[in-house]
Amino acid sequence: MIRLYLESAKCEVKRMLQYKANSLFYLTVVLIPPLALFFLWKTILSHGGSIGGYNLSDMVTYFIVTQFFVMNTPYSAWIEIGESIKDGSLSLWLVRPVNHYLLYLFRLIGSWIIQWIFGIAGVIVVSIILKDYVVIPKEASTYFLSILFWMGGIVIGFSYGYILNLLSFWFERSTYIIYFSEGIVALLSGMLIPLDLLPAKSLWLFLPFKFCGYVPAQIFLGKMAGLDIAFEFVSMTIWIFVLVSLSHLVFKIGSRKFTASGG
Amino acid sequence: MDLAFRVDVFFNFFTQLVYLIGILLLFRVIYLNVNSIGGFNIGDVYVLLGTYFILIEAYNMTFRGGILSLPETVKGGNLEIYLLKPVNTIAFILLKSVNIGRVWRALPGFILLIYGLKINDIHTGMNLVYYIISLILSLIIYTVSNFCISLLSFWFYEVNNMFYIYDDLVEFAKYPDVIYSGIIRKIFMTIIPVIIFSSFPARILIGLSSFQEIFTYQAILLLVFSGISLILWRRGLVKYQGRG
């Protein structure tokens, strides 16, 4: 059964490879904003200062890493999900022996892999440009754990977007709710500012979106270790369980309400 | 017309608002720890950000639609529809999608601008007139530079990605120009003059720079970019092949 989902992911990879130039241009999304923020933080922290425990190297590395993680997390899942509910083509998937959530998750991973590869290349390029200011971890485990948590963040982001897409069972305009919430969620992932520097930080650090950018960045910077990582891993697992269960529940309830013409 | 699809409009607007709030939070955290960034205090930064959002909305309201449509028109071989009309073709293309109904979207920018001036207790006087002139010049330079990108469609099949890159580069306009240095500063004040778009008008309004030096700089940039766009336009027309 898993082979089926892997095949669908492979199809998406092939589809994205048709548009290699678009993926190449995607590099700029990872390159340019951190460069702009670098100059800002260099002006503020160049004389050895720090803000909330972040010195210049921490801030520069934080923004390079979170820019990559957050911009490469699929908060809107797949707009086609909501569209298929509205135009009735969901009925094609309901009769197939596949899990709708898993199928779209694997398709999404397949469609994003090429961008992730180019994104990592962009991170390497900007790290080389700013090499005097970037924190480079020495342990392989740091890279592994950062990516592991980000992968968990991807599942969380996808599940969240999937649930919002399923609102099309009840609302005509769920697409706009999705686009609107993308902005909020990117903020809550720590893209613009480390979450622990925000007022009411306990609330933002409770929400699951921190795993899409903030937590992987903290691990990368070496600001989280040992028991903290274990605690966050358990927390992430619980959130994934909650959101995946909620996705399936909403789909089950919504598909009872679903109607399509001609089927 | 802009409010004909109210739900779309309001969600787009609130998405922008969320982004603006994020930037404001960033600067709020910064200014809890420092008093100024290169001479810009928090009120000055609000003026800068307000100017940035007003500029972007003014561009979106006026020239963006026309400029983005040009590559498709050239690709489709439909440019003669515009060339044969008894009006200036460039002006017609630039102004064909003006949507004044969007003006209300610049409201957050205006509110931020006024709030920044209030924090600093700035009485603008004649500087307000100079600010408006400088802002208009920034808008025209931004428009002409985007127009130059669209003119590349006479030579390249796909130029839309270049617009996205340029939109990313305009991120540099959100922050005070003084933070940039070295080769980056030189490039982004001349060849790709994104740094000056909002900083220059803001500097005039808050009294950090004189109108004369900024006006001269912007006028020279405008002349250079206008010259480049005219050369690209004329060469492009020679290369262009229509459908019929």
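**Figure 1. Overall dimensions and fold of chain B.** With 244 residues, a compact globule would have a radius of gyration near 18 Å, and chain B agrees with this at 19 Å (the radius is taken over C-alpha atoms, and the globule rule is 2.2 Å times the number of residues to the power 0.38). The model is predicted: local features need pLDDT of at least 70 and side-chain atom pairs count only at pLDDT 80 or more, whereas totals for chains, interfaces and linings use all residues. Residues are numbered from 1 along each chain as its sequence is written, and chains are lettered from A, with ligands numbered from 1, in the order in which they are written. The C-alpha trace of chain B spans about 65 × 45 × 30 Å along its principal axes. Chain B holds 11 helices and zero strands (DSSP runs numbered from the N terminus: helices are H or I of at least four residues, strands E of at least two). Buried residues make up 35% of its 244 residues (buried: 20 or more other C-beta atoms, placed from the backbone, within 10 Å of the residue's own).

**Figure 2. Packing of α2(B) against α10(B).** Helix α2 (residues 42-62) of chain B and helix α10 (residues 196-206) of chain B pack at an angle of about 130°, with their axes 9 Å apart (axes are lines fitted to C-alpha atoms over the stretch in contact, and angles run from 0 to 180 degrees between N-to-C directions). The two helices, α2(B) and α10(B), are therefore oblique to each other (angles under 35 degrees count as roughly parallel, over 145 as roughly antiparallel, 65 to 115 as roughly perpendicular and the rest as oblique). Among the residues that make the contact are B:Val47, B:Leu48 and B:Tyr52 of α2(B) and B:Phe197, B:Pro201 and B:Leu205 of α10(B) (contact: C-beta atoms, placed from the backbone, within 7 Å).

**Figure 3. Overall dimensions and fold of chain A.** Chain A comprises 12 helices and zero strands. Its radius of gyration is 20 Å, close to the 18 Å that the globule rule gives for 263 residues, so chain A is as compact as a globular protein of that length. The C-alpha trace of chain A spans about 70 × 40 × 35 Å along its principal axes. Of the 263 residues of chain A, 44% count as buried.

**Figure 4. The contact between chain A and chain B.** Chain A contributes 24 residues and chain B 27 residues. On the side of chain A that touches chain B, the elements giving two or more residues are α2 (20-25), α3 (27-45) and α9 (174-188) of chain A. Of these, α3(A) gives the most, with nine residues.

Notes:
Two residues are in contact if their C-beta atoms, placed from the backbone, lie within 7 Å. A residue is buried if 20 or more other C-beta atoms lie within 10 Å of its own, exposed if 12 or fewer, and partly exposed in between; C-beta atoms are placed from the backbone.
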